[in-house]
Structure formats: structure tokens, C-alpha cells
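The following note comments on helix packing in the structure shown below.

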Amino acid sequence: MKIGIGLPIGDPATLLTWARRAEAGPFSTLGLLDRLVYDNPEPLVALSVLAGATSRVRVQTEVLLAPLRDTALLAKQAATLDRMTGGRLVLGLGIGGRDDDHQVTGIDKRTRGQRLDEQMAVLRRLWSGRPYGDGAGPIGPAPARPGGPEVLFGGFRPAALERVARWGDGFLSAAAPSWAGGLFQTVRGFWKEYGRDGDPRMVAQVNVVLGPEEVVADARAAMHAYYTFTGMADRMVAELLTTPSEIRAAITAFGDLGADEVMLYCHALDPDQVDRLADVL
């Protein structure tokens with residue numbers, strides 16, 4: 001099973017250090033969250049910079065809020081990054097749940113799931129080299145991976161889990177192992193219903209921090225600020241894994257569920273966490 005690193009969003013200038021350390025270590029993927037009305041780096045721009053500073057690790061959005069973006073431009077951006085990295089882009093997509101993100105883009109939050117489905121039809125068509133339609137031709141460049149970069153969908157509701165089978169290559173789960181098992185099972189069920197070959201790729205995400213108390217406190221504060229909108233920030237911070245034994249147990253539990261990769265998401269800025277986490281593996 002592969003292990004990736006989820007990057008902190010508090011200071012974009014530190015991310016090159018994180019990326020280079022992860023590249024030198026045992027990690028498979030660099031992941032980055034997405035928000036619009038928030039003090040975070042835009043993920044496609046940031047991951048493009050990090051991809052240029054690395055040669056091995058994949059770069060992954062987890063998750064990019066596709067409904068907030070223009071579809072044709074997103075197709076071109078993703079194909080460009082995929083092509084220029086030799087297929088190292090993993091496009092994790094979701095619908096988002098913040099009112100302010102939708103407000104500033106003029107996107108109706110009530111129809112964001114429908115919009116994502118419509119976007120995926122266009123993205124898949126453009127990535128295959130076909131014309132956009134209505135008198136507009138193809139939009140290049142062709143991605144490195146035929147049919148487009150690997151697409152994972154995040155979410156918890158049945159519509160999101162079904163979307164994996166309809167449009168995606170796999171599932172990105174932000175749930176604890178006790179909950180993730182049921183989500184994995186549902187995704188696999190939809191995969192079979194749609195007659196998809198093979199198995200969906202399963203990627204789990206867990207929040208972790210290793211280091212002295214000030215690093216742990218930094219992670220807790222960053223998590224709380226980011227997730228305040230959910231009304232469950234206190235509970236989520238309480239579930240933050242802070243010891244090697246807790247992290248190893250979570251990795252083992254996700255492996256038992258059939259996860260292909262676990263993303264260890266870090267919220268504190270201290271890049272020494274990369275080396276501490278490498279020692280856990």
C-alpha cells in the first residue's frame with residue numbers, strides 16, 4: 001500500500017521544502033486541499049510548482065471544487081499539468097459545501113452535484129480529443145494518460161459514491177476506518193452495477209501530526225479554523241492522530257479495508273513532520 005503526504009495550506013512558501021523532503025522519502029503522492037474564500041494556495045497552481053521541483057511523486061488535488069471552475073479551462077489546465085508531469089497528476093474532485101465559495105463564483109450551491117456531472121461529460125470528451133461542440137473544436141494539449149488524468153471523487157452521500165462508477169477511476173475517503181469500510185463497500189457495489197472492469201482505486205485520508213507540543217498545537221489550531229464551517233471542528237480535532245502507534249494502527253486498518261493508498265494529511269507547518277512520518281513507515 002502506498003503512503004502519501006497531505007500538505008499544509010498556511011504558508012505556500014514552505015511547500016517546496018515539504019515536496020523535496022517527500023520526494024526523497026518513501027512517500028508516493030503530494031496532496032493539497034481546495035478552498036476559494038480562504039487563505040490557502042490555489043491547488044493547481046501550487047501543485048504545478050511542486051511538480052516542477054520533483055520528478056517521482058504524484059501531485060493530487062483532494063479535493064478540487066470543480067463546480068466553482070470554468071469547465072473548458074479546467075480541462076486545459078488539468079491536461080497541461082498531466083502532460084508536463086508525464087502523467088503524475090491525480091485529479092481529486094468534489095462539490096464543496098461552503099456557502100461563501102459558491103457566493104463569490106455565482107454558482108448555485110443547490111445544483112452543484114448536477115453541475116459536476118455535466119462537467120465530467122465535457123472533461124472526458126475533451127480529454128479524449130473530441131471537439132467541445134457547438135462549432136468549437138478540440139481543446140488541447142492531449143493529457144499524458146489516454147482519456148485524461150486519473151480522477152478520484154470525494155464525498156459521503158450516495159450520489160457522490162455513484163459518481164465514482166459513472167465518471168471516475170477511484171474514491172477518495174476522508175472518513176475514519178470505522179466509517180470508511182461501508183463507503184468502500186458502496187463504491188464497489190456501484191462499480192459492479194455499472195459494469196466497470198477491475199476495481200476502483202481506494203484512497204484514504206487521515207489527519208496526523210508528529211512533533212513537539214507546539215507543532216501539535218499548530219495543527220489543532222489550523223484544523224479547527226479550516227473546519228469551523230462544519231460545526232464539527234471540535235470533534236474532528238479530537239480525532240487528530242498524534243503518535244506513531246495511532247498512525248500505524250490507522251494505516252493497518254485502512255489496509256485491511258483494501259485501501260490502495262493512505263494520505264497522511266498534515267496541518268502544522270513544520271516540515272520536519274515529513275521525516276518523522278517517514279520513520280513511522
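1. Helix 2 crosses helix 3 with left-handed geometry. The residues in contact are L44, S48 and A51 on the side of helix 2, and L74, Q77 and L81 on the side of helix 3. As with everything in this note, the description refers to a predicted model.

2. The axes of helix 2 (residues 43-52) and helix 3 (residues 71-84) cross at roughly 15° and come within 11 Å. Because angles under 35 degrees count as roughly parallel, helix 2 is classed as roughly parallel to helix 3.

3. Helix 1 (residues 15-24) packs with helix 11 at an angle of about 25°, and their axes lie 9 Å apart. Helix 1 and helix 11 are therefore roughly parallel to each other. The crossing of helix 1 with helix 11 is right-handed. Contacts involve W18, R21 and A22 from helix 1, which meet D272, Q273, V274 and D275 from helix 11.

4. For helix 6 (residues 158-167) and helix 7, the packing angle is about 50° and the axes are 8 Å apart. This angle makes helix 6 oblique to helix 7. Their crossing is right-handed. Helix 6 contributes P158, L161, E162, V164 and A165 to the contact, while helix 7 contributes L183, T186, V187, F190 and W191.

5. The length of helix 10 (residues 244-256) agrees with expectation: at 1.5 Å a residue, its 13 residues should span 18 Å, and its end C-alpha atoms are 18 Å apart. Just after helix 10, G258 adopts a positive phi of about 95°.

6. Which residues of helix 10 are buried? They are I247, A250, I251 and F254. Viewed down the axis of helix 10, these buried residues fall within an arc of 100°, so they line one face of the helix.

How values were computed
Residues are numbered from 1 along each chain as its sequence is written. This is a predicted model: local features need pLDDT of at least 70, side-chain atom pairs count only at pLDDT 80 or more; totals for chains, interfaces and linings use all residues. Side-chain values use heavy atoms; hydrogens and water are left out. Helices (H or I, at least four residues) and strands (E, at least two) are DSSP runs, numbered from the N terminus. The expected span of a helix is 1.5 Å times one less than its number of residues. Buried means under 20% relative accessible area, exposed over 50%, partly exposed in between (1.4 Å probe, protein chains only). The arc is that of the directions from the helix axis to the C-beta atoms. Axes are lines fitted to C-alpha atoms, for helices over the stretch in contact, and angles run from 0 to 180 degrees between N-to-C directions. Angles under 35 degrees count as roughly parallel, over 145 as roughly antiparallel, 65 to 115 as roughly perpendicular and the rest as oblique. A crossing is left-handed if the near helix is turned anticlockwise from the far one by less than a right angle, and right-handed if clockwise. Contact means heavy atoms within 4.5 Å.
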